[in-house]
Structures are given as structure tokens and as C-alpha cells.
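Visitor: Hello! Could you walk me through a few of the labels used for this model?
Guide: Gladly, let us have a look together.

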Amino acid sequence: MKPEHGPDHWAHAQRGRTATHALRMGSIAGVEIDLDWSLLIVFALITLALSAGVLPQWHADWGQTKVLLTAIAAATLFVASILLHELAHAVVGQRFGVRISRITLFVFGGMARMEGEPKTWRAEFWMALAGPVASLALGLLFLSLAGMIAGPIEFNPEQPAAGLARLGPIATVLIWLGPVNIVLGLFNLVPGFPLDGGRVLRALLWGLTGDLTRSTMLAASVGQAFGWMLMAMG
């Protein structure tokens with residue numbers, strides 16, 4: 001999930017609970033979409049980071065209004081990218097007979113409410129893989145669109161922001177969203193439970209051993225080791 005969002009929580013459903021602090025946004029592909037109010041923290045942080053740091057460095061000639069509107073657009077599309085990540089889990093899960101009734105986006109990313117668990121390791125595998133693949137695909141799509149709009153960008157190692165200065169608002173948003181989504185997808189592929197990569201690992205172990213409980217314990221151990229490694233690096 002994630003650069004600013006922590007692990008993805010699609011399989012840890014809040015069974016029997018109702019989001020009491022969420023804004024109901026309607027439904028997509030039969031899945032209800034809720035936005036938790038804590039998501040405003042992420043939205044505000046991204047908008048502030050872009051409007052106060054990144055965009056003024058890239059576009060010193062832009063006015064404050066243009067910078068702020070571009071930052072808001074980037075933050076909005078980032079939230080939409082997280083939603084598409086979660087919807088990928090949901091759509092693939094439904095194809096394997098796993099009913100997903102609701103997706104809630106909150107400060108740490110997204111959480112899908114499942115009505116039951118995947119019945120086979122293949123269902124678990126493809127459900128877990130769908131989210132990171134969607135993020136990677138979005139990242140490549142955004143970069144491709146930025147290239148189509150702006151054309152080739154020449155980077156000067158001594159002045160890395162100089163090549164970005166001539167980009168318009170749309171290309172700027174796309175050139176920012178592309179790497180962010182790619183990093184999001186790659187981070188979720190780390191084989192540490194409960195990240196998507198950890199669920200991919202659990203699915204593969206489940207397929208090899210035929211024992212879901214043992215596979216879960218092994219995948220959780222890898223996730224704990226990864227957590228300790230992050231703490232040590234910190």
C-alpha cells in the first residue's frame with residue numbers, strides 16, 4: 001500500500017461492523033464504496049507536500065492558485081488509484097465466488113469486507129495479485145499518457161527539475177502519479193503478511209502443502225521478519 005498508507009487490508013474484513021465515520025459514495029460493480037473521514041488526513045498531507053514542496057520546485061513560475069489546484073487534482077487521483085487497487089481485489093474475488101460487499105478507504109489505505117474466505121489457493125493467489133498488478137498498470141499508464149502529452153523530457157543531473165519546468169498541469173500530475181503507483185504496487189508485492197505479497201506467498205504455500213493454517217503461520221512469520229527488518233533499518 002504503501003508509501004504513505006501502510007499495508008493493504010483487503011482480506012481482513014470488518015464482518016458485522018458498519019462504518020460509522022464514513023461517507024457513502026455509491027457502488028461500483030456491485031461493491032459499496034465508503035470514504036472514512038480519516039482519509040482527509042492523507043488527502044491534506046499529499047496536497048500540502050505537493051503545494052509547498054514538490055510543485056514549487058518543479059514550477060517556480062507557477063502562481064499559488066495553479067499550484068494548489070494541481071496539488072488537489074493529484075491528491076484526488078491518488079485516492080482514486082487506491083480505490084482502483086481495491087476494486088481489482090474485489091472484481092477478481094467475485095469471479096472466484098468470493099462476495100465482497102463493501103470497500104472502505106481510510107488513512108492507511110483500503111479495506112474490503114468479504115462475505116467468506118477464498119475456497120482455493122488459486123482464488124487467494126489471484127485476488128492478492130490483482131491489486132498490485134492494477135497499481136503497476138496504472139503507474140505505467142500514467143507515465144505513458146504523460147509522455148504522449150509532454151513528449152520526451154530531457155533531464156540534467158545538475159538541475160533535475162529543469163526538465164519538468166515546461167510541463168503543464170496535466171502532464172505534471174501524471175508524471176507524479178506514475179512512479180507513486182509503481183512504488184505502491186511493488187511495495188505490496190513484498191512477501192510479508194498481511195501485504196498482498198504475503199498473501200500471494202500464503203496462496204503458493206497453501207497450494208504446495210494443502211494446509212491453509214500452516215501456510216498462514218509461515219506467511220505470518222515472514223511478515224514478522226520483514227517488520228523486524230524495517231525496524232532495524234529505521
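Visitor: Why is M148 called exposed?
Guide: Exposed means over 50% relative accessible area, buried under 20% and partly exposed in between (1.4 Å probe, protein chains only). M148 has a relative accessible area of 66%, so M148 is exposed. Before we go on: this is a predicted model, where local features need pLDDT of at least 70, side-chain atom pairs count only at pLDDT 80 or more, and totals for chains, interfaces and linings use all residues. Residues are numbered from 1 along each chain as its sequence is written, and side-chain values use heavy atoms, without hydrogens and water.

Visitor: Where is M148 found?
Guide: In helix α3, residues 121–150; helices are DSSP runs (H or I, at least four residues) numbered from the N terminus.

Visitor: And S135, buried or exposed?
Guide: S135, also placed in helix α3, has 1% relative accessibility and therefore counts as buried. Leaving aside neighbours within four places in sequence, S135 is in contact (heavy atoms within 4.5 Å) with H85, N181, I182, L184 and G185.

Visitor: What makes W121 and F125 an edge-to-face pair?
Guide: The structure holds three aromatic pairs. In this one the ring centres are 6.5 Å apart and the planes stand at 65°, so the pair of W121 and F125 is edge-to-face. Rings of Phe, Tyr and Trp (its six-membered ring) pair if their centres lie within 6.5 Å, with planes under 30 degrees apart stacked, over 60 edge-to-face and the rest tilted.

Visitor: Why is W121 called partly exposed?
Guide: Its relative accessible area is 28%, so W121 is partly exposed, whereas F125, at 16%, is buried.

Notes: Helices (H or I, at least four residues) and strands (E, at least two) are DSSP runs, numbered from the N terminus.
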